[in-house]
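Hello,

Here is the structure I promised to pass on to you. Please have it open while you read, and take your time with each part.

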Amino acid sequence: MSRIKITMDVNGRRHELAVEPWELLVDVLRDTLGLTGTKKGCGEGECGACTVNMDGRAVLSCLTLAVHADGKEIMTIEGLGKRTKLHPLQEAFVNEAAIQCGFCSPGMIMAAHALLKENPDPTEEVVRKKIANNLCRCTGYERPVKAILKAARMIKEGHHE
Amino acid sequence: MNDQCMTVGRSVPRIDAVEKVTGNARFAPDLKMEGMLHARLLRSPHAHARVTGIDTSRAKTLPGVMAIATIEEVPKVINNWFFLRTEKKEKQMFLLDRVVRFVGDPVLAVAAESEDIAEEALSLIRVDYEVLPPIFDPFNAMKEKDIRIHEKGNIAFQVKKTYGDWEQGFRDADIVFENIYKTSKQKHAPIEPIGSCLADYGPNGNLLVYSSTQLPHWSKMYLARALNLSQNKVRLIKPYTGGAFGGRCGLIHGLELMCSWLSRETCRPVRMSFTRKEDFTATETRHPMTIAMKTGITRDGLLIANQVDLVANVGGYGTHYIGVIADCLSTGVGLYRCPNVNFNATAVFTNTSLTGAYRGYGNPQMNFAQESQMDMLAEAVGMDPVEFRLKNYRGLGEIDPVLNQEILSDGMKECLEKGVKSFGWKEKRTQGESLGPKKRGAGMAVMLHGTGAAGALPDPASAAVMINADGSVELLTAAADEGQGNRTVLAQIAAEVLGIEFEKISVSETDTGITPLDGGTHGSRQTYAGGLAVKKAAQEAREKLLRFAAKELDVADDDLEIREGLIYNRRDRNQSILLGDLMRRVQIGDMSVNEQVMGMSTGIAEAMPGYYGANFAEVEVDTETGEVRVLKLTGAFDVGRAINPSMVEGQITGGGVMGLGWALTEELMLSDGRILNNSFRDYRLLRAGDIPELDTIIVESHEPTGPYGAKGIGEGCLVCVASSIANAIYDAIGVRMKDLCITQEKILKGLEDQSQGS
């Protein structure tokens, strides 16, 4: 089988790539594009560490074929904010001590990003339900949930998006 | 000084938080090098077998295969740590061996241009096995004479310790309870799978290894020894690490040493990253234990005799089992002031997956048995469980009989008082609410855990503090941060001593080529042992810079103070100089000096202080389905002093949830030695929606030997969670759960036995 040409927008930049038909989005992001912020925790869609946004929705990039990203807009953690200008979610994760080892954080933040796009004012219960796909072994989820709720307030109060 | 701390006691954000939220933090699986090869292991499908033949001829011709390492090629070198006193006699785990001892034991490795090629090569290799009879049950393994898992037999380690006159103790006891407890095989399951390494024999002939280890210096020493290199030829860098919890406490079986060997053979960098399935199948787990415990008390509720017969299932290979058993006695049984103790323990090899260090280090297993016993005994004498604990625990001023050290700080009473209040113990305990088939109950348990290992194991900590010409500071420490945040806490301590802003401190990467000797991140030790080293190094630097300042300002050293980077005369605040101005003059300006102000420290902590804690749990048990729902978990822990309260809370909530998992959902299930639930689908970690109300209480007892009064927290916060859940279940339904994890089936079976018994 020959490689397939795809075009995708990743973090606001257009990429034309030739991918193997079986290649996974997570591997294209990490290995081909060098975007290692997206993590691989299980490769089976169970831990959520590989969560990215595709056309604004949270997807598990380890269960998504790269060819399915053809013509799509992908946002990874690298596209959310910059070191010098953090997104409210990133800022809240920093200030609310929502991070320990940080391996699940990019996926959890991207899951939360998709959630807040869809529902800017979620209850704690909704947040817990929506990030139930993202395993965290360090925090017990207490602080990440607080951080997501805080980010929602920050966005509502007009912090930059 | 303690009362006016600027940085210590503040919840500053962690120093690596921004790197982690932006995706900039690179973990071991993210690392790449030019010309890097990818390695994969072929693992045994048998629980016990002898490798009789390996045919690699087809794999060798596959384009892209660069090296194959079988037992014919690699030297028979030991792959586990034996520097530490407790394991030095146990030379059982080799890089590769002719006998495989569990399903997943490495048989050979392939290094290839890509992971796919390496995988394909593995499928082209034929291995002939002579299948040997396996033993899965530790009690069978102990009896078995003909089937020997290791040459020396199936007993890995055996110990008997007594103090007092335990036989007399039981004769004097008015009430004696004897029960058997079992604990499950729990996996660390950090979200970065265990087992990722990149090794490179550079053109200078030195070995550079990137590995997410908890023990960088011991691992470096071990690699040097195994590869017959002098220690200055091996450099180990620990990149960002996605959690460890004891699972990276030493070299990983088949990982660092194999990558290093393959790199030496191929003259190329070699990376190997285990999959999640490999993490579940072939990396260490918590030691499952069977603990028979007999406890005697007097009529007025005084503990007078304890007997423990403990069997730990080590698996095919084990690390840390001697230390784990030692902790079952020292902080496990030693939690209580019991004058007469008879402790017997046996660690046994079986053909199940290997075991090692895991948060709590034997203490959770022992605590589950002992705290269940205490709950029964309190009930038997009609005492409140809290009161019973207060009466019997070993506290301030007493001598710990195992380590023979005096207890200098003790927050147990405060943990219990605050816990009782915040949890609502009296109300929840007496209500015993019943909602149809759903019964509610409350239970509690306490624990003691050691901080560090001073006196028990080699336990060095070191630090260097270097002040730059602009007054900023570089802190060099090998205190490996696995995610708990010790680099941040150590920076806070340095900032406090030096009187500068926290933001002015940067902390080095953990790199054995740069950062001096450290005993590793284990035993809840880094805030304490690492903190003491950093404090001393920073004090030395402070003294030096004050001498320069005194000369510059023409005042006595003793009159000087530093606050937020300004050095001033306490008697006359107008006499002052900015640290940056002074350092620039010292380093560059004053040609007669030209030095960098530095401070260094290396050595061992003076004690191994215990830290106390208590958990209170409220549960709701559905007597029709056996489902247990935890409604609230209160954790009150005495950390001596919280250098960073938010991060301490993060440990208590995280350890609490990991403990809940061990109590209720987490158990590796084996059938004929094969792990059945080797994925997150089948091995159930708790998710965000499963979490009860978590109530966190920090108690500060000020440990006099600790930096700013601090002692540990990392492990203790897990130790008595499961015990408190089991005791709460008893309060709810009157059934004692003696077998972890507590599944719905076990609850229903317990209820059935209860109704038949009555």
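Let's begin with one residue: B:D410 is buried, because 23 other C-beta atoms lie within 10 Å of its own and 20 or more is enough to count as buried. Please keep in mind that this is a predicted model.

Setting aside neighbours within four places in sequence, B:D410 is in contact with B:G395, B:L396, B:Y612 and B:S701.

Next, the place where the two chains touch. Chain B brings 46 residues to this contact and chain A brings 44. On the chain B side, α1 (17–21) and α17 (645–664) each supply at least two residues, and the largest share, 7 residues, comes from α17(B). By class, that side has 19 nonpolar, 18 polar and 9 charged residues.

Finally, have a look inside chain A. Chain A is divided into domain 1 (4–79) and domain 2 (80–156), and their centres, taken over C-alpha atoms, are 20 Å apart. Domain 1 gives 17 residues to the contact between them, and domain 2 gives 15. On the domain 1 side, β3 (51–54), β4 (57–60) and α2 (77–80) each supply at least two residues; the largest share, 3 residues, is that of β3(A). This side of domain 1 divides into 7 nonpolar, 8 polar and 2 charged residues.

Enjoy exploring!

Definitions and conventions
Residues are numbered from 1 along each chain as its sequence is written. Chains are lettered from A and ligands numbered from 1 in the order in which they are written. This is a predicted model: local features need pLDDT of at least 70, side-chain atom pairs count only at pLDDT 80 or more; totals for chains, interfaces and linings use all residues. A residue is buried if 20 or more other C-beta atoms lie within 10 Å of its own, exposed if 12 or fewer, and partly exposed in between; C-beta atoms are placed from the backbone. Two residues are in contact if their C-beta atoms, placed from the backbone, lie within 7 Å. Helices (H or I, at least four residues) and strands (E, at least two) are DSSP runs, numbered from the N terminus. Ala, Val, Leu, Ile, Met, Phe, Trp, Tyr, Cys and Pro count as nonpolar, Asp, Glu, Lys and Arg as charged, and the others, Gly among them, as polar. Domain bounds come from an automatic or database domain assignment.
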